[in-house]
Amino acid sequence: MEVRLALWVNDKDNVATVFCNDAAGGTELTLRSKSGAGEQITAADSIPYGHKIAVRDIRKGEHIIKYGESIGAASTDIRRGDYVHVHNMEALRGRGDL
(Lines give C-alpha, C1' and ligand atoms only; values in the text may rest on other atoms or scores of the structure.)
Protein backbone atom coordinates (compact mmCIF):
# COMPACT_ATOMS: atom_id res chain seq x y z
CA MET A 1 0.00 0.00 0.00
CA GLU A 2 1.35 3.42 -1.00
CA VAL A 3 1.83 5.92 1.82
CA ARG A 4 0.36 9.29 0.91
CA LEU A 5 2.43 11.73 2.90
CA ALA A 6 2.46 15.45 3.68
CA LEU A 7 5.48 16.73 5.60
CA TRP A 8 4.99 19.42 8.26
CA VAL A 9 8.50 20.72 8.96
CA ASN A 10 8.08 23.35 11.69
CA ASP A 11 5.53 23.64 14.50
CA LYS A 12 4.84 27.24 13.37
CA ASP A 13 3.91 26.10 9.83
CA ASN A 14 0.31 26.36 8.67
CA VAL A 15 1.08 24.41 5.46
CA ALA A 16 2.74 21.08 4.71
CA THR A 17 4.34 19.73 1.53
CA VAL A 18 2.55 16.89 -0.29
CA PHE A 19 4.71 13.90 -1.28
CA CYS A 20 2.51 11.66 -3.41
CA ASN A 21 1.54 11.65 -7.08
CA ASP A 22 -2.20 11.17 -6.79
CA ALA A 23 -3.54 13.56 -4.14
CA ALA A 24 -6.93 14.14 -5.74
CA GLY A 25 -9.70 15.83 -3.78
CA GLY A 26 -10.83 13.44 -1.03
CA THR A 27 -7.43 11.72 -0.73
CA GLU A 28 -6.43 10.90 2.84
CA LEU A 29 -2.84 11.94 3.57
CA THR A 30 -0.68 11.22 6.59
CA LEU A 31 0.48 14.54 7.96
CA ARG A 32 3.89 13.83 9.44
CA SER A 33 5.65 16.31 11.75
CA LYS A 34 9.37 16.73 12.36
CA SER A 35 9.07 14.59 15.50
CA GLY A 36 7.55 11.77 13.44
CA ALA A 37 4.07 12.15 14.90
CA GLY A 38 1.34 11.64 12.36
CA GLU A 39 -2.31 12.50 11.87
CA GLN A 40 -4.69 12.23 8.94
CA ILE A 41 -5.65 15.14 6.70
CA THR A 42 -8.00 15.06 3.71
CA ALA A 43 -7.08 16.94 0.54
CA ALA A 44 -10.03 19.15 -0.39
CA ASP A 45 -8.66 19.68 -3.90
CA SER A 46 -6.22 17.99 -6.24
CA ILE A 47 -2.72 18.87 -5.00
CA PRO A 48 0.37 18.21 -7.17
CA TYR A 49 3.47 16.50 -5.81
CA GLY A 50 5.66 18.96 -3.89
CA HIS A 51 2.92 21.58 -3.46
CA LYS A 52 1.32 22.86 -0.25
CA ILE A 53 -1.72 21.76 1.75
CA ALA A 54 -3.19 23.88 4.56
CA VAL A 55 -2.83 22.09 7.90
CA ARG A 56 -5.31 24.44 9.58
CA ASP A 57 -7.74 27.17 8.56
CA ILE A 58 -5.94 30.35 7.43
CA ARG A 59 -7.78 33.67 7.31
CA LYS A 60 -7.48 36.18 4.47
CA GLY A 61 -4.43 38.39 5.12
CA GLU A 62 -2.79 35.90 7.49
CA HIS A 63 0.79 34.90 6.70
CA ILE A 64 1.43 31.55 5.03
CA ILE A 65 4.18 29.91 7.11
CA LYS A 66 6.45 27.21 5.64
CA TYR A 67 9.75 26.06 7.21
CA GLY A 68 8.97 28.49 10.07
CA GLU A 69 9.10 31.53 7.75
CA SER A 70 6.46 33.64 6.04
CA ILE A 71 6.30 32.88 2.30
CA GLY A 72 3.31 35.13 1.59
CA ALA A 73 -0.18 35.98 2.74
CA ALA A 74 -3.56 34.41 2.12
CA SER A 75 -5.48 36.37 -0.54
CA THR A 76 -8.69 34.61 0.53
CA ASP A 77 -9.83 32.43 3.43
CA ILE A 78 -8.20 28.99 3.18
CA ARG A 79 -9.64 25.88 4.88
CA ARG A 80 -7.71 22.94 6.36
CA GLY A 81 -6.99 20.52 3.51
CA ASP A 82 -7.08 23.16 0.75
CA TYR A 83 -4.41 23.44 -1.93
CA VAL A 84 -2.29 26.53 -1.15
CA HIS A 85 -0.74 28.16 -4.22
CA VAL A 86 -0.86 31.34 -6.32
CA HIS A 87 -4.66 31.20 -6.62
CA ASN A 88 -5.15 31.84 -2.89
CA MET A 89 -1.93 33.46 -1.69
CA GLU A 90 0.29 36.36 -2.70
CA ALA A 91 4.02 36.83 -2.29
CA LEU A 92 5.17 39.52 0.11
CA ARG A 93 8.88 39.46 -0.75
CA GLY A 94 10.56 41.26 -3.61
CA ARG A 95 7.52 43.37 -4.47
CA GLY A 96 9.29 46.68 -3.98
CA ASP A 97 6.31 48.31 -2.28
CA LEU A 98 6.90 47.19 1.30
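**Notebook: one aromatic pair and its setting**

I looked for aromatic pairs and counted one, taking rings of Phe, Tyr and Trp (its six-membered ring) as paired if their centres lie within 6.5 Å.

I then located both residues. Phe19 belongs to strand β2 (residues 15-19), whereas Tyr49 sits in the loop between β4 (38-42) and β5 (52-54), so the pair ties together parts 30 residues apart in sequence.

Phe19 has a relative accessible area of 31% and Tyr49 one of 48%; each counts as partly exposed, between buried (under 20%) and exposed (over 50%), with a 1.4 Å probe and protein chains only.

The model is predicted: local features need pLDDT of at least 70 and side-chain atom pairs 80 or more, while totals for chains, interfaces and linings use all residues. Residues are numbered from 1 along each chain as its sequence is written, and side-chain values use heavy atoms, without hydrogens or water.

I turned to the whole protein chain. I found nine strands and zero helices, where strands are DSSP runs of E of at least two residues and helices runs of H or I of at least four, numbered from the N terminus. Buried residues make up 38% of the 98 residues. Along its principal axes, the C-alpha trace spans about 50 × 25 × 20 Å.

Note on methods
Rings of Phe, Tyr and Trp (its six-membered ring) pair if their centres lie within 6.5 Å; planes under 30 degrees apart count as stacked, over 60 as edge-to-face and the rest as tilted.
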